[in-house]
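Here is my note on the model you asked about, written as numbered points. Please read it with the structure open beside you.

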Amino acid sequence: MDAFRWISVAFSMILGLGVTRILSGAILVFRARRRATLDWIPLAWAFAIFVLQLQFWWAVIELARVERVWSLFDFLTMIAIPLELFVAAALVLPSEGLAAGERLEDEFEHDGRFGVLCLSAYAATALFADWRIFGTSLASTATALLVAEILLPLAFALRSGRGTRATVTGVYFLLVIGSSLFLSPRAY
C-alpha cells in the first residue's frame, strides 16, 4: 500500500467518526422534538458541518494526484482538517437526549458556539493547505470563499443578538452549500 492509501485511511477514520457524531446528534434531537424546544440555528450549523465533512471526504481523492511525497508537516496539516471538523461535529449538537422542557438553543449556547469557532479553524487550516499543498493562489475564488468561511463563524461567536446570529447562520449555510457545489469536482 502506498503512502497516500495509509494517509487516506487516517482521514477516513476521523471523517467517519465525525459523520457518525453529527448523525447521532441529529437523531437525538429528532427524538426529543416532542418534549424539548428545538431551534433551527444549531441544526443549520450541524448540516453545514455534515456537508463540509462529505466535501472533504470527496476531495481526499485529489490528494493522490497532488502529493507524491508526503512530509510529516503536510500530513499534520491535512489531518488537522478532519480533526477540526470532528470537534465541531462533537460540540454543535448535544451528545445526550434533551430532557422535557430543555431548549436546544441553550445547549448550543453552552458548547455549540465552540463548535462554530472550530469551523473558523477548519477554514484557516484548509486555506493554508490549499496554498501549501495544492498551490492555490491567494487571489483565487476558493481563497475568497474560505476567508468568508473563517470570518462568518467568528462573527457569529462575537455577536449575541438572535437576529444577527440567525443572519450569519443563514449566510454561512448558503455559503457552505454553494462553495461545496462550486469547488467540488463533479467526477474523478
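1. Threonine 169 is buried, with a relative accessible area of 1%, where buried means under 20%, exposed over 50% and partly exposed in between, using a 1.4 Å probe and protein chains only. This threonine 169 lies in helix 6, residues 162-183, and its side chain reaches the backbone oxygen of arginine 165 at 2.7 Å. Helices here are DSSP runs of H or I with at least four residues, numbered from the N terminus.

2. Please keep in mind that this is a predicted model, in which local features need pLDDT of at least 70 and side-chain atom pairs count only at pLDDT 80 or more, while totals for chains, interfaces and linings use all residues. Residues are numbered from 1 along each chain as its sequence is written, and side-chain values use heavy atoms, with hydrogens and water left out.

3. On the surface, Phe114, Leu117, Val147, Leu151, Leu154 and Leu158 form a nonpolar patch with about 540 Å² of accessible area together. Helix 4 (104-132) and helix 5 (141-158) each supply at least two of its residues, and the largest share, 4 residues, comes from helix 5. Valine 147, which sits in helix 5, is partly exposed, with a relative accessible area of 34%.

4. Helix 2 (residues 40-66) has 27 residues and spans 39 Å from its first C-alpha to its last, close to the 39 Å expected at 1.5 Å a residue.

Notes:
The expected span of a helix is 1.5 Å times one less than its number of residues. Patches are made of residues with over 30% relative accessible area and no salt bridge: like charges are joined within 9 Å, nonpolar side chains (Val, Leu, Ile, Met, Phe, Trp, Tyr) within 5 Å. Accessible areas come from the Shrake-Rupley method with a 1.4 Å probe; for residues, only the protein chains shown count as cover. A salt bridge is a side-chain nitrogen of Lys or Arg within 4 Å of a carboxyl oxygen of Asp or Glu. A polar contact is a pair of N or O atoms within 3.5 Å; within protein, one must be able to donate a hydrogen and the other to accept it, and residues adjacent in sequence count only if both atoms are side-chain atoms.
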